[in-house]
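Colleague: Thanks for making time to go through this with me. Could you show me the chain before I start asking?

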Amino acid sequence: MDKVKRIFKRYPVTCTFTGLCVVALLLNYLTAGYANRVLFSVYRSSLKDPLFYFRLVGHSLGHSGINHLLNNMLLVVLVGPMLEDRYPRGFLIGFILFTSVFIALANLIFFPNIRLLGASGVACGFLMLMATGLIGRRGEIPLSFMLVPGYFVFRQLYGAIFLRDTVSQFSHLLGYLCGFLFGYMNKSSRRRREL
């Protein structure tokens with residue numbers, strides 16, 4: 001138990017986000033899918049509905065099943081601790097919130113008839129945020145590490161163009177974009193502070 005407490009104390013953002021996703025999945029199972037429909041997926045609804053605003057973020061916590069959850073959490077748990085060692089907690093919380101809302105609004109605009117749920121946009125953003133953080137002082141990017149996000153971006157573009165499945169490549173690509181922008185802006189502001 002002490003080891004779990006130490007891990008949570010060192011990586012609270014990753015542990016809390018992962019824990020909330022697990023709780024959301026359990027709630028969904030206990031309510032026979034009602035929790036995902038009402039709280040943990042985003043879709044076009046009335047702006048007067050207070051739950052609409054919760055769903056802008058809550059969709060990142062919801063998952064369709066255990067495999068969906070495990071696939072997303074694998075990336076979050078692998079990359080999240082490295083990000084928490086590199087960035088302030090407030091920065092990462094802001095990143096998760098911004099990415100969730102940005103993806104939700106884009107989905108509502110471009111795919112108004114599709115219900116979206118899952119943390120894959122945040123997970124992809126984590127990967128790109130980590131890759132962008134590795135850009136050196138003179139703008140050098142370690143080629144070996146950029147191959148991984150490059151592969152993922154290529155795979156999402158291929159899937160968006162050629163595959164017809166239930167995976168939202170659009171949200172993955174937007175997650176990569178958010179990760180790149182947050183990483184780049186953080187890098188630029190850190191350089192300005194050093195000058």
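This is a predicted model: local features need pLDDT of at least 70, side-chain atom pairs count only at pLDDT 80 or more; totals for chains, interfaces and linings use all residues.

Colleague: Happy to. At what angle do the axes of H2 and H5 cross?

Modeller: The two axes, with H2 covering residues 12–30, come within 8 Å. The angle is roughly 170 degrees.

Colleague: And is the crossing of H2 and H5 left-handed or right-handed?

Modeller: The helices touch through residues including Phe17, Cys21 and Leu25 of H2 and Met73, Val76 and Gly80 of H5. As H2 passes H5, the crossing is right-handed.

Colleague: Let's turn to charges. Which residue forms a salt bridge with Asp85?

Modeller: Asp85 sits in helix H5 (residues 66–86), and its partner lies 75 residues away in helix H1 (residues 2–10), so to speak a link between distant parts of the chain. Asp85 itself is partly exposed, with a relative accessible area of 48%. The N to O distance in the bridge is 3.6 Å, and the partner is Arg10.

Colleague: How many salt bridges are there by this rule?

Modeller: Besides the pair of Asp85 and Arg10, Asp49 forms one with Arg55, where the closest N and O atoms are 3.1 Å apart. By this rule the count is two.

Colleague: Which residue caps the N-terminal end of H4?

Modeller: Helix H4 spans residues 50–58, with Phe52, Arg55, Leu56 and Gly58 buried. Their cover includes helix H3 (34–38) and helix H6 (89–110). At the N-terminal end, a side-chain oxygen lies 3.0 Å from the backbone nitrogen of Leu51, and the residue supplying that oxygen is Asp49.

Colleague: One last thing: what is the relative accessible area of Phe126?

Modeller: Phe126 belongs to helix H7 (residues 120–133). Leaving aside neighbours within four places in sequence, Phe126 is in contact with Val76, Val79, Gly80, Leu83, Phe95 and Ile96. Phe126 is buried, and its relative accessible area is 2%.

Notes
Residues are numbered from 1 along each chain as its sequence is written. Side-chain values use heavy atoms; hydrogens and water are left out. A salt bridge is a side-chain nitrogen of Lys or Arg within 4 Å of a carboxyl oxygen of Asp or Glu. Helices (H or I, at least four residues) and strands (E, at least two) are DSSP runs, numbered from the N terminus. Buried means under 20% relative accessible area, exposed over 50%, partly exposed in between (1.4 Å probe, protein chains only). Contact means heavy atoms within 4.5 Å. A polar contact is a pair of N or O atoms within 3.5 Å; within protein, one must be able to donate a hydrogen and the other to accept it, and residues adjacent in sequence count only if both atoms are side-chain atoms. Axes are lines fitted to C-alpha atoms, for helices over the stretch in contact, and angles run from 0 to 180 degrees between N-to-C directions. A crossing is left-handed if the near helix is turned anticlockwise from the far one by less than a right angle, and right-handed if clockwise.
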